[in-house]
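Hi everyone, thanks for coming. I'll walk you through one model today, so let's get it up on the screen.

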Amino acid sequence: MSAHISIPMYQRAVPQRYRLTGKRCKSCGKINFPPKAVCKYCLQGASFEDVRLSGKGAVYSYTVIAGGGAPPEFETEARCKGSYPVLIVELEEGPRVITQMVNPPKEGIAIGMPVQAVFRKIYEEEGVIRYGFKFSPA
Ligand SMILES: [Zn+2]
């Protein structure tokens, strides 16, 4: 199986993956996460300052990956768990992120439910463990 993300690409993404560092546009003030070369909100700003995001947010939307629908890097996890939830979380600073959920509540996931980022192993590929954030009920 080939790597889905090259090591250099992965290393460049470390600030966002490990520290939830976003980029505040100096033109419009909105936070781009993941970082972009040009601000995705005003399409003008190309100058940014780093902002450490709180990791707090709320469930904007979600789905459950099941029935062999997992991408290749998550096949093993999907086989072990049967299914796993994936969220779109709206962070309190504004950006929305796609993430897996850990410790989903027995009563089910709800839109608007408060969640908090937790640092986890995401997957292992070619002997390299990829870490990053998942979200847990807050
Ligand atoms: Zn902007």
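Let's start at T99, which sits in strand 6, residues 96-100. When I say strand or helix, I mean a DSSP run, numbered from the N terminus: at least two residues of E for a strand, at least four of H or I for a helix. Before we go on, a bit of housekeeping. This is a predicted model, so local features need pLDDT of at least 70 and side-chain atom pairs count only at pLDDT 80 or more, while totals for chains, interfaces and linings use all residues. Residues are numbered from 1 along each chain as its sequence is written, and side-chain values use heavy atoms, with hydrogens and water left out.

Back to T99: is it buried or exposed? T99 is buried, because its relative accessibility is 6%, and buried means under 20% relative accessible area, exposed over 50%, partly exposed in between, with a 1.4 Å probe and protein chains only. Leaving aside residues up to four places away in sequence, T99 touches P85, V86, L87, V89, F133, K134 and F135. Touching, or contact, is heavy atoms within 4.5 Å.

T99 also brings us to the largest pocket. Of the 24 residues lining that pocket, R17, I98, T99, I122 and F133 lie nearest its centre. Which elements give two or more residues to the lining? They are helix 2 (14-19), strand 5 (83-91), strand 6, strand 7 (114-125) and strand 8 (128-137). The pocket's volume is about 600 Å³. A pocket here is an open set of points on a 1 Å grid over the protein atoms alone, where a 1.4 Å probe fits, with protein on both sides within 12 Å along at least five of seven lines; lining residues have an atom within 4 Å of a point. The volume is the space filled by probe spheres set on the points, which are joined across faces, edges and corners.

Now, the metal. Which atoms hold the zinc ion? The SG atoms of C25, C28, C39 and C42 coordinate the zinc ion at 2.3 to 2.4 Å. Donors are N, O and S atoms within 2.8 Å of the metal (3.2 Å for Na, K and Ca), and water is not among the atoms, so sites may look incomplete. Along the sequence, the zinc donors follow the spacing C-x2-C-x10-C-x2-C.

Why call the site tetrahedral? Because the four donor atoms subtend angles of 107 to 116° around the zinc ion, and four donors count as tetrahedral if all angles lie between 85 and 135 degrees. As for burial, C25 is buried at 2% and C39 is buried at 0%, whereas C28 is partly exposed at 35% and C42 is partly exposed at 21%.

That loop between strand 2 and strand 3 has a couple of other things to show. P34 lies in it, and the peptide bond from F33 to P34 is cis, with omega near -5°. L43 is exposed, at 62% relative accessible area.

Methods. Four donors count as tetrahedral if all angles lie between 85 and 135 degrees; four count as square planar and six as octahedral if opposite donors are over 155 degrees apart and all others between 65 and 115; anything else is irregular.
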